[in-house]
Amino acid sequence: MNENYYTTPVSLRKVRITDSFWKNEMELVREEILPYQWDALNDQVEGAEPSFCMRNFQVAGKQNEERKEQGESFEEPQYTFRGFQALPEDMEHLEDKFYGFVFQDSDFYKWVEAVAYSLTQHPDPELEKRADDAIDIVCAAQQEDGYLDTYYIINGKDKIFSNLRDHHELYCFGHLTEGAVAYYQATGKDKLLNAAKRFADYIDNYFGTEEGKCKGYPGHEIAEMALVRLYEATGEKKYLDLSYFFVNERGRRPYYFDGEDHPEKIEKGHEEDLRYFYHQAHVPVRQQDEVTGHAVRGVYLYSGMADLARLYQDRELFDACEKLWDNMVSQKMYITGGIGATHLGEAFSYRYDLPNDTAYAETCAAIGLVFWARRMLQIRPDSKYADAMERALYNGVLSGMALDGRSFFYVNPLEAAPEACRFDERKFHVKPVRQKWFGCACCPPNLARLLSSIGSYAYTEKEDTLYIHLYMGSMVQKEIQGETAEISVTSGYPWNGGVSVKVRGTSLPFTIALRIPEWCADEYQVRGTEGAETRTENGYLYVTKAWGAEDQVELSFPMEVRVFEADSRVREDIGKVAVMRGPVVYCLEEADNGTDLHLLSLDVHAEPEVREREIAGTTVKGIALSGYRQDPVYIEGKGLYRVVKEIKRNPVKLQFVPYYTWANRGENEMRVWVQRAD
């Protein structure tokens with residue numbers, strides 16, 4: 001760790017995204033997703049599962065007015081962790097109870113965070129008014145002591161923090177804090193921020209190292225990085241210390257969660273067995289070297305660990321982050337940047353287990369990978385983090401949303417057959433078409449908040465340097481000792497590798513650090529650095545000079561079609577190949593190639609044909625490659641098997657489309673990994 005490298009995200013107030021690709025995604029969020037999700041949060045989307053989110057806040061606020069100071073006991077509702085409370089037939093006559101998942105509050109917090117980011121790029125008085133009114137409803141539910149979680153406010157507070165492992169109070173607090181800080185930074189309004197601070201103060205009084213305080217920690221992580229953000233927004237170090245406490249306490253023996261689960265029930269002889277891999281709490285975090293358990297929880301924890309490693313100069317914590325990162329990208333990450341291979345627990349599987357047709361690869365997990373990557377870049381600008389961030393963004397993240405922004409994937413498989421999704425119980429979690437909404441709706445608002453804040457992942461800065469991690473058209477302001485430089489980036493990404501960086505400088509020299517993508521690290525060209533001091537380090541080209549009024553650096557990143565094979569230890573991909581161009585992973589779809597995609601094979605030496613094509617009204621680059629279609633073998637009336645005969649196959653042109661665009665033309669087969677024809 002070297003403090004001289006530490007950077008911070010560029011304020012979104014100083015970034016204006018002009019890029020046609022990402023601007024389109026941001027406008028989809030503003031025009032389609034935010035209004036749609038607001039309707040969903042208010043149970044007004046026909047045919048979608050009800051959310052109950054805003055209704056729960058309204059009920060809690062109403063009870064706040066009516067509740068007596070004492071006398072109400074907690075009654076466990078008819079509720080299971082992965083299901084809904086039984087509903088009456090008439091939705092208009094719901095009782096004043098809590099409905100939905102225990103973490104339902106968080107859906108609004110993610111929505112308002114996305115609203116905040118959107119407002120920095122596109123002021124919208126009507127949207128801001130809607131958010132203000134909603135914040136009033138949420139704050140009306142907060143208790144006098146600062147506690148704010150509708151599940152326990154409605155059901156009774158005598159069991160708060162009694163089930164940290166499963167009941168997500170600290171998770172909801174984390175999203176409240178993320179949304180509150182974002183809204184304050186975007187609008188200057190602090191009502192929600194003050195609510196988050198009051199809840200944080202309540203939590204700080206409840207948890208800690210002091211005698212009599214609870215030694216627990218979140219079952220579902222996010223509070224760790226949210227508390228860091230609250231500290232950075234307010235300067236109150238107790239929030240940073242509370243985050244450090246949660247991270248340091250995690251995984252210590254005796255396990256805190258054992259106390260919640262009644263340790264007397266642990267089978268004798270197994271008291272010392274490692275447990276809580278699912279929660280990343282099996283051993284203290286500094287001893288962890290393999291990403292395990294629920295993938296979203298994991299990357300949220302690792303993001304918080306990276307923040308704390310930077311702010312506390314904790315080398316041991318950073319080393320743990322490095323080991324975990326390397327384990328993830330080298331042994332547990334799909335070529336799409338998706339993570340979390342198994343639907344059992346939405347979790348990381350064992351090393352090199354990356355099945356394609358049963359993949360989970362939750363959208364939220366790829367988003368969490370982006371969070372973690374940016375935080376690692378803040379500690380050490382190394383292109384390996386930005387490369388993974390870019391891969392996840394253009395593939396594992398964008399695949400989670402339809403091109404029109406109106407439907408979503410929770411699960412992002414690398415192979416799908418609609419019939420299997422319907423009839424194979426092992427694949428019920430895989431959907432061949434995107435869904436309008438989910439009862440557990442973490443992914444759509446998570447997408448909205450990431451896409452609306454994409455500028456803060458493209459750039460970080462320190463006093464004398466601007467780092468460009470992702471190439472997208474934008475205008476950026478950079479302060480240099482009281483003077484302001486303006487940097488204009490134009491880019492044809494992800495279809496064209498030409499990038500231009502124009503600088504209207506100041507009287508003072510400063511550095512622009514340009515990431516060199518790993519997919520063209522040995523082939524890129526640069527012009528316009530004459531007279532500048534240049535060096536290359538950890539995948540970044542550093543250009544230092546006193547920039548003039550219209551200085552310009554031009555980069556050319558050749559976007560050749562590349563055919564990949566997997567490590568032989570990834571058993572599911574033996575004999576198969578995948579296609580990429582630039583940062584984009586490609587796939588075959590039935591809509592272009594006919595049924596039975598498993599009969600197709602690719603000539604890995606074929607000359608590619610790249611051309612523009614339209615998918616669901618969106619212009620993309622398609623790739624055509626020569627390959628073969630094997631004649632099917634039908635053994636009628638003689639069983640399923642026969643002695644091998646000559647394989648017959650016919651030449652065909654395989655049509656590949658960007659993976660993130662699949663399932664936008666109706667239900668059909670898809671696969672990323674294709675048989676190799678040798």
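The model is predicted: local features need pLDDT of at least 70, side-chain atom pairs count only at pLDDT 80 or more, and totals for chains, interfaces and linings use all residues. Residues are numbered from 1 along each chain as its sequence is written, and side-chain values use heavy atoms, with hydrogens and water left out.

**Stop 1: a helix and its cover.** Select residues 53-66, which form helix α2. Helices here are DSSP runs of H or I with at least four residues, strands are runs of E with at least two, and both are numbered from the N terminus. Helix α2 has 14 residues and spans 20 Å from its first C-alpha to its last, close to the expected 20 Å; the expected span is 1.5 Å times one less than the number of residues. Its buried residues include M54, F57 and V59. Buried means under 20% relative accessible area, exposed over 50%, and partly exposed in between (1.4 Å probe, protein chains only). Among the elements covering these buried residues are α1 (20-41) and α3, where contact means heavy atoms within 4.5 Å.

**Stop 2: aromatic rings.** Rings of Phe, Tyr and Trp (its six-membered ring) pair if their centres lie within 6.5 Å; planes under 30 degrees apart are stacked, over 60 edge-to-face, and the rest tilted. The model has 45 aromatic pairs by this rule. Select F108 and W111: the ring centres are 5.9 Å apart and the planes stand at 35°, so this pair is tilted. Both residues belong to helix α3 (residues 105-121), three residues apart, which puts about one helical turn between them. F108 is buried at 0% relative accessibility, and W111 is buried at 0% too.

Next select Y206 and F207, a tilted pair with 5.0 Å between centres and 55° between planes. Y206 is partly exposed at 29%, whereas F207 is buried at 1%. Both are in a cluster linked by ring pairs, which also includes Y147 and F161.

Stop 3: Which strands stand at the edges of the open sheet of six strands? The order is β1-β4-β5-β9-β12-β11, with mixed pairing. β1 (8-9) and β11 (533-537) are at the edges; each has a single partner strand, so one side of each is left without a neighbour in the sheet. Strands pair if DSSP finds at least two bridges between them. β11 pairs with β12 (residues 540-545) in the antiparallel sense over five bridges.
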